[in-house]
Amino acid sequence: MSESPITITATDDPGQPVRTPELAELYRGFEKELLVPLWTEIGDLMPAHPHSHAQPYCWRWNSLLPLAAQAGELVPVGRGGERRAIALANPGLGGRPFATPTLWAAIQYLNPGEDAPVHRHTQNAFRFVVEGEGVWTVVNGDPVAMRRGDFLPQAGWHWHGHHNRTDRPMAWIDGLDIPLQYYADSTFFEFGPDEVETRDAPERSYSERLWAHPGLRPLTQLQPTPATPLLAYRWEYTDRALSEQLALEAEGSSATVEPGHAAVRYTNPTTGGDIMPTIRTEFHRLAPDTGTATRREVGSSVYQVFQGTGEVTVGATSWTVERGDLFVVPSWQPLTITTDGGLDLFRFSDTPVFERLHQDRVQIDNREGTIQ
């Protein structure tokens with residue numbers, strides 16, 4: 001029989017049994033039979049509040065982009081590597097390519113004229129564009145233009161590939177629930193063609209022509225879908241919605257989540273709920289000279305600065321952030337954001353998972369409740 005991976009140590013900590021030779025013999029028996037007593041583990045397994053292994057951390061766009069460009073010169077995009085995607089590795093997660101225990105974030109880089117091969121996977125995914133244009137992502141044969149400020153969701157098990165039609169490279173961020181599915185042992189992956197099935201580059205995709213009409217739904221599509229069928233949420237609409245919230249606030253209406261803080265959530269038009277079962281995506285705009293209330297919640301988030309500058313504090317860590325920077329907020333870590341000149345932020349989180357488990361909780365300035 002191989003050596004047991006379990007080691008149980010008797011201690012003199014409060015609540016622990018008295019250390020005796022008989023107790024030591026009992027623990028060796030547990031180790032041999034691959035058993036672990038709860039009384040030696042309860043403080044780690046059942047803490048008073050979440051203690052995430054993930055750490056608050058900030059990645060700088062002006063460092064990421066040159067490294068991605070260098071990878072574009074050295075690393076082919078094709079079968080094998082499949083994507084020229086460079087993942088954010090949280091320093092608290094043991095070197096795994098995970099931004100948080102449930103969320104993956106990566107910068108992806110595509111050179112002029114390149115194709116990222118077609119594949120599909122069970123992980124839910126999206127792309128968010130902080131700068132540039134010229135790449136089309138093709139999802140189940142539907143070509144979707146990618147431009148600055150656009151949010152482009154793509155649910156699990158949909159065929160997808162990308163192609164760059166321009167003479168300039170383009171980079172964007174990918175977000176997926178890879179860590180969640182990895183730990184749950186639920187992942188499937190399948191290769192498709194080496195090149196996308198169409199080089200068409202329409203201004204508006206099929207999904208937009210069918211679904212991108214506010215408040216209107218085609219009568220041929222009345223059944224709810226688990227993820228959004230709309231493949232592009234365009235910046236012009238996001239920008240207008242945020243601007244109108246702040247304008248209404250200035251006129252005396254209660255249109256913002258807190259003074260000077262406009263926010264929208266990307267939603268599935270067939271349900272009104274989140275765009276995907278495991279991922280929530282939002283966009284936040286802070287007006288000049290605005291500070292948020294201190295907020296903590298169960299579940300983790302990744303933010304990317306779209307434009308502006310600000311001061312971000314997560315737990316005991318603070319950064320000055322600017323365009324393109326990405327930062328992580330681990331579960332139950334307090335978050336506060338302030339800005340002098342204004343700040344736009346894209347956010348994605350794992351909140352839907354905890355809502356479905358009825359484990360969602362939020363605390364704002366020490367006032368606790370459930371997330372609405």
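Which residues does F346 touch, not counting residues up to four places away in sequence? They are F126, F128, F151, I173, Y266, T281, E282, F283, V302, Y303 and Q304. Touching here means contact, with heavy atoms within 4.5 Å.

The model is predicted, so local features need pLDDT of at least 70, side-chain atom pairs count only at pLDDT 80 or more, and totals for chains, interfaces and linings use all residues. Residues are numbered from 1 along each chain as its sequence is written, and side-chain values use heavy atoms, leaving out hydrogens and water.

F346 also belongs to the largest nonpolar core, which has 37 residues. A nonpolar core is a set of buried Ala, Val, Leu, Ile, Met, Phe, Trp, Tyr and Cys residues joined through side-chain atoms within 4.5 Å. Buried means under 20% relative accessible area (1.4 Å probe, protein chains only). F128, F151, F283, V302 and F348 join F346 as the residues with the most contacts inside this core. Elements giving two or more residues to the core include helix 3 (61–74), strand 5 (125–128) and strand 21 (343–349). Helices (H or I, at least four residues) and strands (E, at least two) are DSSP runs, numbered from the N terminus. Apart from this core lies another, of 14 residues, with W319 among them.

Two strands pair if DSSP finds at least two bridges between them. Strand 5 and strand 10 are joined by 4 bridges. F128 stands opposite I173 in strand 10.

Methods: Buried means under 20% relative accessible area, exposed over 50%, partly exposed in between (1.4 Å probe, protein chains only).
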